[in-house]
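Subject: Structure handover

Hello,

Here is the structure you asked about. My notes on it follow below.

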Amino acid sequence: MKKTKLFIGLGLLAAIGVVLVAADHIDAPTTTGNTADIADFYGFESPSNPDNTVFVVDLQTDVVPDLAYGTFDEDVLTEINIDTDNDLIEDLVIQAIPRNGNMYFFGPVEPAMLGKTSEVMVDMPLGMVAISDENAIVTTTEDGVSLFAGPRQDAFFFDFNQFNKVIGGEAPEGFLPEGEAVDTFDGANTMALVVEIPNSILGETTATNVLGLEVYKTWVTTNRKQ
């Protein structure tokens with residue numbers, strides 16, 4: 001298979017199962033505050049088509065639209081890792097990397113290398129989409145895969161000031177109720193990657209969750225070009 005130069009893993013955010021909600025916002029020291037930082041990872045059944053799975057990766061935090069809509073780093077490869085046989089080792093990857101205002105997606109494909117080192121599987125294109133700014137652009141391929149890349153409102157609600165008061169023993173009342181809590185991330189964006197893909201393309205899975213239901217076990221990594 002054709003490949004590019006090696007990419008070395010920097011960030012990881014794990015989640016088990018297709019239906020998940022994960023929030024991070026404080027990543028490993030090597031990635032915090034830079035373009036490889038993983039903010040959130042979501043995976044869920046498509047609300048419009050139960051035969052599709054949606055993956056959402058949010059990169060970077062505090063991308064303020066009043067100043068700039070943010071950019072993707074062309075030296076950072078994002079990988080959605082998929083375990084289909086319950087051994088917590090990636091059997092498939094979906095890769096995304098930006099070039100000249102577009103986001104290119106590859107896979108799902110068996111990775112050439114496991115773990116922290118990756119290579120772009122350029123002979124397995126999934127599709128591409130122009131990177132959005134204030135106007136959202138979605139591309140749907142002939143295979144029924146929908147793709148998006150661009151800034152989105154940060155979905156993570158967190159009252160950081162009250163949190164600090166609680167852990168510092170200054171707020172005996174605890175966390176504030178709805179209507180009083182202040183969303184620290186209000187007005188901030190993340191740089192989002194969205195893939196909606198038919199399960200027929202992902203293939204069969206024997207991985208199971210705690211309820212014994214068959215799922216795709218997934219996690220996301222970012223890798224920087226070396």
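A nonpolar core, as the term is used here, is a set of buried Ala, Val, Leu, Ile, Met, Phe, Trp, Tyr and Cys residues joined through side-chain atoms within 4.5 Å. Please keep in mind that this is a predicted model.

Overall picture

The protein has 2 helices and 13 strands. Of its 226 residues, 46% are buried. Contacts between residues at least 6 apart in sequence were also sorted by separation, and 62% of them join residues at least 24 apart. The accessible surface is about 11400 Å², with 54% of this belonging to carbon and sulfur atoms.

The core

The largest nonpolar core contains 25 residues, and the members that touch the most others are Phe105 and Leu193.

E12 gives the most, with 4 residues. Leaving aside residues up to four places away in sequence, Phe105 touches Leu193, Val194 and Val195, and also Gln95, Ala96, Met124, Pro125, Leu126, Gly127, Val129, Leu147 and Phe148.

Thr205

Thr205 sits in the loop between helix H2 (199-202) and strand E13 (217-225). Is Thr205 buried or exposed? Its relative accessible area is 10%, which is under the 20% limit, so Thr205 counts as buried. A polar atom of the Thr205 side chain lies 2.7 Å from the backbone oxygen of Val215, and the backbone oxygen of Thr84 lies 3.2 Å from a polar atom of that side chain. Not counting residues up to four places away in sequence, the residues that Thr205 touches are Asp83, Thr84, Glu214, Val215 and Tyr216.

The H2-E13 loop also holds Val210. Val210 has a relative accessible area of 85% and is therefore exposed. Together with Leu211 and Leu213, Val210 forms a nonpolar patch on the surface, and the three have about 380 Å² of accessible area together.

Salt bridge

The structure holds 1 salt bridge. Its partners are Asp73 and Arg224, with the closest N and O atoms 2.9 Å apart. Asp73 belongs to the loop between E4 and E5 while Arg224 is in strand E13, so the pair ties together parts that are 151 residues apart in sequence. Arg224 is partly exposed, at 21% relative accessibility.

Backbone points to check by eye

Most residues other than glycine have a negative phi, and most peptide bonds are trans. The following places depart from that.

- Gly107 and Pro108 are joined by a cis peptide bond, with omega about -10°. Pro108 is in strand E7.
- Asn86, in the loop between E5 and E6, has a positive phi of about 75° although it is not a glycine. Asn86 is partly exposed, with a relative accessible area of 34%.
- Asn100 has a positive phi too, near 50°. Asn100 is in the loop between E6 and E7, and at 70% relative accessibility Asn100 counts as exposed.

Regards

Terms used:
Residues are numbered from 1 along each chain as its sequence is written. This is a predicted model: local features need pLDDT of at least 70, side-chain atom pairs count only at pLDDT 80 or more; totals for chains, interfaces and linings use all residues. Side-chain values use heavy atoms; hydrogens and water are left out. Buried means under 20% relative accessible area, exposed over 50%, partly exposed in between (1.4 Å probe, protein chains only). Contact means heavy atoms within 4.5 Å. Accessible areas come from the Shrake-Rupley method with a 1.4 Å probe; for residues, only the protein chains shown count as cover. A polar contact is a pair of N or O atoms within 3.5 Å; within protein, one must be able to donate a hydrogen and the other to accept it, and residues adjacent in sequence count only if both atoms are side-chain atoms. A salt bridge is a side-chain nitrogen of Lys or Arg within 4 Å of a carboxyl oxygen of Asp or Glu. Patches are made of residues with over 30% relative accessible area and no salt bridge: like charges are joined within 9 Å, nonpolar side chains (Val, Leu, Ile, Met, Phe, Trp, Tyr) within 5 Å.
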